[in-house]
Amino acid sequence: MNYIGSKYSLIDFLETSIDKTLKLYNETRVPSQMIFADLFAGTGVVSGSFKKQGYSIIANDIQYYSYVITKHMIENNGNLDKDRCLQLIRQLNQLNGVEGFIYSNYSYGGTEGQDFRRMYFSDSNAKKCDAIRIAIENWLSAGSITKHEYFFLLGSLLNSIDKYANTASVYGAYLKNLKKSALKEMELVALPIMQGSVSCKVYNEDVCELIKHISGDILYLDPPYNTRQYCSNYHLLETIARYDNPIIKGKTGLRDYANQKSVFCIKGKVVKAFDDLIKNANFKYIFLSYNNEGLMSFDTIEKIMKKYGKYNVYMQQYRRFKADNARDCKSTSTIEYLHCLVKGTI
Ligand SMILES: C[S@@+](CC[C@H](N)C(=O)[O-])C[C@H]1O[C@@H](n2cnc3c(N)ncnc32)[C@H](O)[C@@H]1O
């Protein structure tokens, strides 16, 4: 998924830097003896890569669509029958479209005669999305699929439908005409089934609360870097994931997101929230991804982390995320930092 702040292309950098730190501190335990927590999990790509290495994973995100995708990627192991999963995907792909919530509120045909005509998906893809979403829920209610299969199917729908969205990239706005990829007929594609430790757990909570109730060995933090809230930028994925017929407002059909606003996107609140997070973290190794254009300055981060133990930093040049073409980007790359703290060692 093309996601703001995704670490997909930085995985090597993260793995190498984390490995170097463990070696530097003579860590003798192997991955299968350690817990790795990824508490701003997003697409789950970082959790996934450490799951593959054999770590027990704790993943979390405040957004429900992220929880669904990560729940499949991280918690599903040998509990899924691959052939049956692919058969379910085939069945869903054959469904006829339904004029459900997504069609009626986010497609051009479905919003005819309404105050706002929206074009987030083609009429046909919106109907197909509704048909698949309704079927997945009905199958679960009827007991014809397991909870594990439910998250696999729903995660696959979220990941697939995103590729046909008629947006420049995020869901903060839609394009006036259907772009080439949005015109294509949507195909539901199965998310991979990843083998790993069986003791993995995924949460859907505010990290500021969750951190007080968990513990582990390696804590990876990848908070938002700026004021762009994920709840408003990905509101449509949230609604497809929840399918809760929300009251929506305005030109873009936003759902209420008051309880999902992140303090990490608020200039006056982020520094204290970050300090509290580090203070409350019951983990030995703590890593923070942040760039040189974030709300917190490099010096502020360094100062906070140094209060709690031994500090170090790794850096890498990184290609900028292109959210839309209209923005005036002064440079095409940023510096991506991985701040490291070994807690309790001074
Ligand atoms: C930079 S993205 C993470 C990207 C992720 N590492 C990846 O590679 O896909 C930040 C994530 O933090 C989540 N988030 C923001 N505030 C949060 C909070 N207070 N608690 C939990 N998750 C939060 C957002 O929903 C978003 O998915």
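Strands here are DSSP runs of E with at least two residues, helices are runs of H or I with at least four, and both are numbered from the N terminus. Two strands count as paired if DSSP finds at least two bridges between them. Before going on, note that this is a predicted model, where local features need pLDDT of at least 70 and side-chain atom pairs count only at pLDDT 80 or more, while totals for chains, interfaces and linings use all residues. Residues are numbered from 1 along each chain as its sequence is written.

Back to E7. Tyr 285 in E7 is the bridge partner of Ile 218. E7 also pairs with strand E9 (residues 333–343), through 7 bridges that run antiparallel. There, Asn 291 stands opposite Glu 336 in E9. Is E7 buried or exposed? Of its 7 residues, 6 are buried, so the strand is largely enclosed by the rest of the structure. A residue is buried if 20 or more other C-beta atoms lie within 10 Å of its own, exposed if 12 or fewer, and partly exposed in between, with C-beta atoms placed from the backbone.

Now hop over to E2, where 5 of the 5 residues are buried. Ser 56, Ile 58 and Asn 60 lie on one side of E2, Ile 57 and Ala 59 on the other, and both faces are covered. E2 runs parallel to E1, joined by 4 bridges, and Ile 35 stands opposite Ser 56.

Helix H2 (45–52) comes next. It is mostly covered, with 6 of its 8 residues buried, among them Val 45, Val 46 and Phe 50. The buried residues of H2 pack against helix H1 (11–24), strands E1, E2 and E4, and helix H3 (64–75). For packing, two residues are in contact if their C-beta atoms, placed from the backbone, lie within 7 Å. Just after H2, Gly 54 takes a positive phi of about 110 degrees.

How many residues surround the ligand? There are 24, and the closest are Gly 5, Phe 40, Gly 42, Thr 43 and Ser 262. The shell divides into 12 nonpolar, 8 polar and 4 charged residues.

What about the nonpolar core? The largest one has 95 residues, and Leu 158 and Ile 286 touch the most other members. Such a core is a set of buried Ala, Val, Leu, Ile, Met, Phe, Trp, Tyr and Cys residues joined through C-beta atoms within 7 Å. Not counting residues up to four places away in sequence, Leu 158 touches Tyr 65, Val 68, Ile 69, Leu 237, Ile 240 and Ala 241.

For a contrast, look at Val 98, in the loop between helix H4 (82–93) and helix H5 (101–106). Val 98 counts as partly exposed because it has 18 C-beta neighbours inside 10 Å. Val 98 and Ala 131 are 33 residues apart in sequence and 5.0 Å apart in space, C-alpha to C-alpha.

Finally, zoom out. The protein chain has 13 helices and 9 strands, and 43% of its 346 residues count as buried. Its C-alpha trace spans about 65 × 45 × 30 Å along the principal axes.

Technical notes:
Near = placed C-beta within 6 Å. Nonpolar A, V, L, I, M, F, W, Y, C, P; charged D, E, K, R; others polar.
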